[in-house]
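Please walk me through this structure, one part at a time.

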Amino acid sequence: MKLTIAAAVTSSSLLLTSTYAADTRNLRADDTPPSSSSSTTTITSDRPNVIIMQPDDLHFYDIWNPPPNNPDNPNQSHVTSSYGLPNIESLRLNGVQMMEAYTASAMCGTSRFSTMTSRYPSRAVSNDKDGRKHVVIPKTKLQREDCTSDNIAVHFRDNGYRTAMFGKWHLTEIDKDTYTYENAVSSVKECGFDTVGGLYIENLWVVDEHFMGTYNDGSFSHNMEWVTSEAVKVIQEKSEDPFFMYFNPTVPHSANSVGGALKDYSCRDTPAGKLSSDPVISGMTKEYGGDCEAYRKSIYDRADDYDDLGAIWVDDAVGALLKALKDQDILDNTLFVFQVSNKLCKSSHKAIVP
């Protein structure tokens, strides 16, 4: 499955000769770890900030260059709205586009495991118990050393970075009967993050006869303004230490309707409770006087059909992060990696935007 990665070029340098510990589990007797497994770490004086952004089930668009043929759908095509994706395109055209990158899994949660650990999902500690026969989202989680030592957040933190995670996680096994937002935040922090905000611990399935026991009581849905505003706070922090940010939009995943989220919920409706006011984010709501409803209407105005809504919402979030970096004069010292988790199939929902 083809993966696109765009990165804003940083003017400084970072040398970590051991970003990850070598994965020596399951090596055959005649195997030896690669030479890059040395534990020696060298850090240059001017280290860049790093953002990894992984939207949930975003399409691979034709403008990114057609991906390899999919046997199930060799003539697939995903075209952006007439408005386009200007902020994502800015990343792509002003950075580096990786043309031969592939997702390690066709599922969003398992591909996130690979992003966090640099390993195939089958190597997850959580998959040991069933002999690695069922490498699926409910079974592939960050447990034991995958959470506490063998992932990218831990290594950045141990090398002097401030670490932060925002948006969808889906990598912690939770007890839905005792779920609280605060407990969910604590569980993600255990995997190497100093700051966790705008958190969606799993997909947004609402409690009903099909998804009994899920953590969503129906009082909230997708909320990119909230997630983005939480991330901007980290960018605006004054610190001599650089930051590593893992930013995961919940859109356009269909666990909840993106259109329904935009029309039937507000920027104040969140898993953490109802906010006292609409988030004001430059590049999103600020240009509409801080009015969430007016901003969300603009997303509809820029869309040609239903599939465009989530993509435009994600693109606006990219723009807000880029503007915050620029306002803090750290854009040229930030590596921004944008990657698609797995999406090459067409959406089953093709309703025309009203």
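**A buried charged pair and its surroundings**

Glu 225 is buried, and Arg 296 is buried too. Here, buried means under 20% relative accessible area, exposed means over 50%, and partly exposed is in between (1.4 Å probe, protein chains only). The model is predicted: local features need pLDDT of at least 70, side-chain atom pairs count only at pLDDT 80 or more, and totals for chains, interfaces and linings use all residues. Residues are numbered from 1 along each chain as its sequence is written, and side-chain values use heavy atoms, leaving out hydrogens and water.

Glu 225 and Arg 296 form a salt bridge, with their closest N and O atoms 2.7 Å apart. A salt bridge is a side-chain nitrogen of Lys or Arg within 4 Å of a carboxyl oxygen of Asp or Glu. Glu 225 sits in helix α6 and Arg 296 in helix α8 (residues 292-302), so the pair ties together parts that are 71 residues apart in sequence. Helices (H or I, at least four residues) and strands (E, at least two) are DSSP runs, numbered from the N terminus.

Stay with α8. Its buried residues include Cys 292, Tyr 295, Arg 296 and Ile 299. Among the elements that cover the buried residues of α8 are α6, α7 (258-264) and α9. At the start of α8, a side-chain oxygen of Asp 291 reaches to within 3.0 Å of the backbone nitrogen of Glu 293.

Now turn to the nonpolar core. A nonpolar core is a set of buried Ala, Val, Leu, Ile, Met, Phe, Trp, Tyr and Cys residues joined through side-chain atoms within 4.5 Å. The largest one has 79 residues. Trp 169, Phe 193, Leu 199, Phe 244, Phe 247 and Trp 313 have the most contacts inside it. Helix α9 (residues 306-327) gives this core its largest share, 13 residues.

What does Trp 313 touch, not counting residues up to four places away in sequence? Its partners include Glu 225 and Arg 296, the charged pair met above. Also among them are His 222, Met 224, Val 258, Leu 262 and Ile 299. Contact means heavy atoms within 4.5 Å.

Helix α9 also packs with α1. Two packed helices are described by the angle between their axes and the distance between the axes. The axes of α1 and α9 come within 7 Å and cross at roughly 60°. That makes α1 oblique to α9. Pro 86, Asn 87, Ile 88 and Leu 91 of α1 meet residues of α9 that include Val 314, Val 318 and Leu 322.

Next, look at Gln 54. Gln 54 lies in the loop between β3 (49-53) and α1 (86-94). Is Gln 54 buried or exposed? Gln 54 counts as buried because its relative accessibility is 1%. Its side chain makes a polar contact with the side chain of Tyr 246 (2.8 Å). Another polar contact joins the side chains of Gln 54 and Gln 339 (3.5 Å). A polar contact is a pair of N or O atoms within 3.5 Å; within protein, one must be able to donate a hydrogen and the other to accept it, and residues adjacent in sequence count only if both atoms are side-chain atoms. Beyond its neighbours within four places in sequence, Gln 54 is in contact with residues including Arg 112, Phe 247 and Ser 341.

Return to the charges. Side chains of opposite charge can pair when their charged atoms come close. The whole structure holds 15 salt bridges. One of them joins the side chains of Arg 119 and Asp 146 (2.5 Å, N to O). Arg 119 lies in the loop between α2 (108-117) and α3 (145-148) and Asp 146 in helix α3, so the pair ties together parts that are 27 residues apart in sequence. Both Arg 119 and Asp 146 are buried.

The side chains of Arg 162 and Glu 237 also meet in a salt bridge (2.8 Å, N to O). Arg 162 is in strand β6 (residues 162-168), and Glu 237 is in the loop between α6 (224-236) and β8 (243-248), 75 residues apart. Arg 162 is buried at 17% relative accessible area, whereas Glu 237 is partly exposed at 39%.

Val 251 and Pro 252 are joined by a cis peptide bond, with omega about 5°. Pro 252 is in the loop between β8 and α7.

Key
Axes are lines fitted to C-alpha atoms, for helices over the stretch in contact, and angles run from 0 to 180 degrees between N-to-C directions. Angles under 35 degrees count as roughly parallel, over 145 as roughly antiparallel, 65 to 115 as roughly perpendicular and the rest as oblique.
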